[in-house]
Amino acid sequence: MSSKSSSKVGLTFSLKLSLLYALYFVIASGGLFLVAYYVIHNLVEQREKEIVQDRIQEYLAWFAEGGIRALKARFDQQANPQGDIFFVRIVGPLNQVLFLKFPQGFEGLDPRRLKGMQPGKKDFWFSLEDASDKGAWTVGMASLPGGITLQVGKSSVRSRELLSYFKTVFLIFMIPVLLLGVIGGSMVTFRAIKPIRSLIETVKNILRTGKMSLRVPVRKERGEMDELVGLFNEMLDKNDSLIQAMHNSLDNVAHDLRTPMTRLRGVAEFALQDATNREACREALGDCMEESERVLTMLNTLMDVAEAETGVMRLQKTALSLSHVIEDVVDLYEIVAEEQNTNVHLNLDKTIMIQADRTRLQQVLANLLDNALKYGGKGGTVSVESMAEGAEAVISVSDKGMGIAENEISRIWERLYRGDYSRSRRGLGLGLSFVKAIVEAHGGSVQVKSRLREGSTFIVKLPRLKEKG
């Protein structure tokens with residue numbers, strides 16, 4: 001039911017996007033037409049006025065040569081029914097018509113409408129609609145000596161026909177433009193939401209098959225949709241790593257719980273064989289408590305490692321003095337060092353500041369120092385140093401103990417792995433995997449330099465807090 005609704009939503013979104021694109025395309029085309037029409041209309045009107053102005057100057061010259069008679073004679077000679085249609089009207093001071101001449105073949109203008117054009121008007125230009133409503137007349141006026149007014153008009157039928165033709169062409173082309181907008185919008189929409197369709201298809205496949213390894217195909221283009229696909233794939237990677245970490249942790253727990261649980265069962269059965277021996281029962285309960293504590297520690301450590309490796313561990317980072325943190329951890333292990341008759345040598349740069357979770361960093365240092373004291377041998381020396389290297393703070397913990405075999409160095413960071421030479425010591429095999437996970441969660445790195453029977457040096461590098469100023 002949910003997939004069907006998703007399909008409907010997708011189709012609706014695609015249709016809306018296509019229609020919006022087509023609407024924008026049509027509006028843009030219409031806007032361009034209006035601008036073009038406005039520009040052409042103004043150019044035509046300006047051209048009409050220029051033509052009328054030229055005729056006025058020409059008629060003024062004719063009038064100057066011989067008055068109204070010369071103007072009439074010249075006008076009769078120049079009249080061209082096939083060309084532009086002009087009329088000439090000369091009005092006296094008392095608004096009496098001294099001369100009125102229309103070219104042959106003119107139509108559409110009633111001479112009586114010219115009576116409203118009074119001489120002496122300040123407005124130089126007039127526009128009169130003709131009776132047929134097919135055009136108009138652009139009329140210009142000029143003053144002559146003696147209070148006489150010259151009026152010259154030009155028919156704008158052809159201009160109106162040109163503009164009408166322009167509008168007709170636009171309306172005819174609007175249909176293919178609209179179709180082009182719809183088709184173009186559909187194509188653009190289809191391509192634009194292709195990542196969304198791929199994402200939906202991938203989600204459906206994951207829900208249907210349960211395969212978390214499926215990913216949305218990534219295109220070469222870079223945009224918001226492609227960024228969404230990339231983030232979705234990253235989320236799937238994160239979920240996949242979380243699930244894988246859970247599976248690994250469960251497998252490790254299931255495997256390593258067998259030994260302590262078997263030991264617990266054996267101790268309990270031994271105690272039950274002689275229920276009257278209170279001392280044996282008390283000892284059995286103590287062993288059970290110790291084994292249960294060991295199991296709980298292993299479970300908590302496994303969970304911490306899984307959280308750190310998958311990036312979901314919450315770190316309470318604060319500005320810390322690295323030397324103070326190291327000194328606090330060394331103080332905690334002072335009694336252990338005395339029991340081992342081991343000297344802990346410190347060489348610390350007290351100026352180094354870092355941004356870290358104090359509790360987690362103490363756990364890292366405690367694991368490294370505990371290993372150094374445990375495997376360094378009695379009567380030896382453990383060195384703890386800190387120094388600055390560029391933008392990093394470097395911590396090294398060294399011992400002169402049994403060391404690590406070369407073929408085991410790459411595996412010591414694995415969870416629950418214990419080397420051949422370390423099996424004689426009690427432990428969970430989680431300390432170094434915990435150290436690596438916590439250090440990397442802080443944006444740092446850890447490495448080891450070791451040779452068998454010569455000792456080991458663990459080196460932790462963390463981002464150093466920049467000095468102010």
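**Close-up views of a predicted model**

**View 1. Lys436 and Glu440 both sit in helix α10, four residues apart, about one turn of the helix.** Helices here (H or I, at least four residues) and strands (E, at least two) are DSSP runs, numbered from the N terminus. This is a predicted model, in which local features need pLDDT of at least 70 and side-chain atom pairs count only at pLDDT 80 or more, while totals for chains, interfaces and linings use all residues. Residues are numbered from 1 along each chain as its sequence is written, and side-chain values use heavy atoms, with hydrogens and water left out. Lys436 and Glu440 form a salt bridge, their closest N and O atoms being 2.8 Å apart. A salt bridge means a side-chain nitrogen of Lys or Arg within 4 Å of a carboxyl oxygen of Asp or Glu. Lys436 counts as partly exposed at 27% relative accessibility, and Glu440 is partly exposed too, with 42%. For these labels, buried is under 20% relative accessible area, exposed is over 50%, and partly exposed is in between (1.4 Å probe, protein chains only).

**View 2. Now look at the whole of α10, residues 431-441.** Eight of its 11 residues are buried, so this helix is largely enclosed by the rest of the structure. The buried ones are Gly431, Leu432, Ser433, Phe434, Val435, Ala437, Ile438 and Val439. After α10 comes Gly443, with a positive phi near 80°.

**View 3. Asp370 and Lys374 make a salt bridge, with their closest N and O atoms 3.6 Å apart.** These two are four residues apart in helix α9, so about one helical turn separates them. Asp370 is partly exposed, with a relative accessible area of 25%, and Lys374 is partly exposed at 22%. By the rule given under View 1, the salt bridges come to nine.

**View 4. Here is the largest nonpolar core, with 43 residues.** A nonpolar core is a set of buried Ala, Val, Leu, Ile, Met, Phe, Trp, Tyr and Cys residues joined through side-chain atoms within 4.5 Å. Leu322, Ile326, Ile354, Leu361, Leu368, Leu369 and Phe458 touch the most other members. Helix α9 (residues 358-375) gives this core its largest share, eight residues. There is also a second, separate core of 16 residues, with Trp62, Phe63, Phe99 and Ile148 among them.

**View 5. Zoom in on Leu365, a residue of helix α9.** Which residues is Leu365 in contact with, leaving aside its neighbours within four places in sequence? They are Val325, Ile326, Val329 and Ile395, where contact means heavy atoms within 4.5 Å. Leu365 and Ile326 are 39 residues apart along the chain, yet their C-alpha atoms are separated by 7.1 Å. Ile354 has its own list: not counting residues up to four places away in sequence, it touches residues including Thr318, Leu322, Leu361, Ala393 and Leu462.

**View 6. Lys154 makes a side-chain polar contact with Glu48, at 2.9 Å.** A polar contact is a pair of N or O atoms within 3.5 Å; within protein, one must be able to donate a hydrogen and the other to accept it, and residues adjacent in sequence count only if both atoms are side-chain atoms. Is Lys154 buried or exposed? Lys154 is buried, with a relative accessible area of 4%. Its place is in strand β5, residues 148-155.

View 7. Most residues other than glycine have a negative phi. Glu454 forms a salt bridge with Arg451, the closest N and O atoms being 3.9 Å apart.
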